[in-house]
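Hi,

Here is the model for you to look through. My notes follow below it.

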Amino acid sequence: MIEARHLRVLRAVAATGSFSAAGRELGCTQPAVSQQMKALEASVGTPLLIRSGREMRLTQAGEALVRHAAGILAGLTAAEEEVAAIAGLRAGRVRLVSFPSGSSTLVPTALAALRAAHPGTRVSLEEAEPPQSVELLREGDCDVALAFRYEGAAQEEEWDDLVVRPLLTDRLVALVPERHRLARTAPSGAIAIGELAAEPWIAGCPRCRGQLIEVCEGAGFTPRIDFATDDYPAVVGLVGAGLGVAVLPQLAVESVRPRGARMVTLEPAVRREIVALTLPDLAQVPAVAATLEQLARAAAR
């Protein structure tokens with residue numbers, strides 16, 4: 001394998017015409033130059049210099065290697081500078097995937113703080129619900145995934161192969177039309193989900209829908225779902241229009257102005273854990289580590 005330090009010595013010898021002159025230019029001794037040239041010739045398997053008395057001439061192989069050396073060394077220098085910039089957070093790229101309510105609440109605060117602290121770091125954002133977002137991370141299509149899982153879910157997702165940064169615990173709340181008989185319960189009181197058993201329901205994303213059915217069946221009834229949509233503002237709008245009730249994560253409600261709808265606390269509490277996920281090797285990348293830190297700070301506010 002050709003080493004960069006040997007290429008630098010070869011270029012100096014070619015430019016100066018002798019080992020001693022090359023040594024003076026490089027700040028080392030003539031024997032050190034000679035030793036490195038022997039090592040380079042051994043690594044390429046062919047002579048690079050013709051020694052005739054005090055004169056040094058390049059062989060055809062030596063001329064070819066010197067011709068390529070400039071580009072190789074320039075590329076290495078550029079690579080070293082770029083890596084140093086990334087390591088020092090003067091540059092870098094992070095691909096972030098988040099579920100919608102996280103994108104509208106945690107992500108803006110975190111990315112604004114990241115840009116202020118490290119303006120050279122670029123972050124791209126795509127939206128996906130878990131488990132799709134987690135699979136994107138495992139397949140190398142993103143660097144950080146904002147995800148969630150419900151406490152006590154029947155099939156809790158395994159994240160043992162990932163670095164898990166806990167962010168916050170998000171409680172599910174009920175949404176009822178503001179003229180609903182239970183609207184007066186908010187904000188101080190709480191209701192059991194069974195009190196909504198006879199209501200028409202508006203369901204959210206597929207995973208949240210599954211959790212809703214599981215919680216309702218645990219309370220002894222199956223919800224009659226009249227509408228289902230992945231769009232949280234649409235859920236709130238349908239409730240506000242008096243078309244049914246819904247159960248949403250509080251984080252999702254905070255991201256929407258619930259006109260015509262009233263938020264009611266549920267007991268017993270149903271919660272989901274919000275986390276930021278990355279791969280173990282990626283967690284060592286400065287830009288990724290900084291993104292995780294800012295997400296944690298945004299969640300703590």
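Serine 133 is in contact (heavy atoms within 4.5 Å) with Val97, Ala128, Cys142, Ala145, Leu146 and Ala147, leaving aside its neighbours within four places in sequence. Serine 133 sits in helix 6. Helices here are DSSP runs of H or I with at least four residues, strands are E runs of at least two, and both are numbered from the N terminus. Serine 133 is buried, at 0% relative accessible area. Buried means under 20%, exposed over 50%, and partly exposed in between, with a 1.4 Å probe and protein chains only.

A word on the source: this is a predicted model, local features need pLDDT of at least 70, side-chain atom pairs count only at pLDDT 80 or more, and totals for chains, interfaces and linings use all residues. Residues are numbered from 1 along each chain as its sequence is written, and side-chain values use heavy atoms, with hydrogens and water left out.

Next, aspartate 143. It lies in the loop between helix 6 (132-138) and strand 5 (144-150). Aspartate 143 is buried too, with a relative accessible area of 7%. A polar atom of its side chain is 2.7 Å from the backbone nitrogen of arginine 95. Beyond four places in sequence, aspartate 143 touches Arg93, Val94, Arg95, Leu137, Leu277, Thr278, Leu282 and Val288.

Leucine 111 is in helix 5 (residues 100-117). Its relative accessibility is 22%, so it counts as partly exposed. Outside four places in sequence, leucine 111 touches Leu96 and Val123. Leucine 111 and serine 124 are 13 residues apart in sequence, and their C-alpha atoms are 9.9 Å apart.

Now the helix pair. The axes of helix 1 (residues 4-16) and helix 4 (residues 60-87) come within 9 Å and cross at roughly 125°. Axes are lines fitted to C-alpha atoms over the stretch in contact, and angles run from 0 to 180 degrees between N-to-C directions. That makes helix 1 oblique to helix 4. Under 35 degrees is roughly parallel, over 145 roughly antiparallel, 65 to 115 roughly perpendicular, and the rest oblique. Residues of helix 1 that meet helix 4 include Leu7, Leu10 and Ala14. Among their partners in helix 4 are Leu65, Ala69 and Leu73.

Last, the cores. A nonpolar core is a set of buried Ala, Val, Leu, Ile, Met, Phe, Trp, Tyr and Cys residues joined through side-chain atoms within 4.5 Å. The largest has 58 residues, of which Leu167, Trp201 and Leu295 touch the most other members. Helix 10 (residues 286-300) gives the most to this core, with eight residues. Another core, of 16 residues, lies apart from it and includes Leu10, Val13, Phe19 and Met37.

Best wishes

Note on methods
A polar contact is a pair of N or O atoms within 3.5 Å; within protein, one must be able to donate a hydrogen and the other to accept it, and residues adjacent in sequence count only if both atoms are side-chain atoms.
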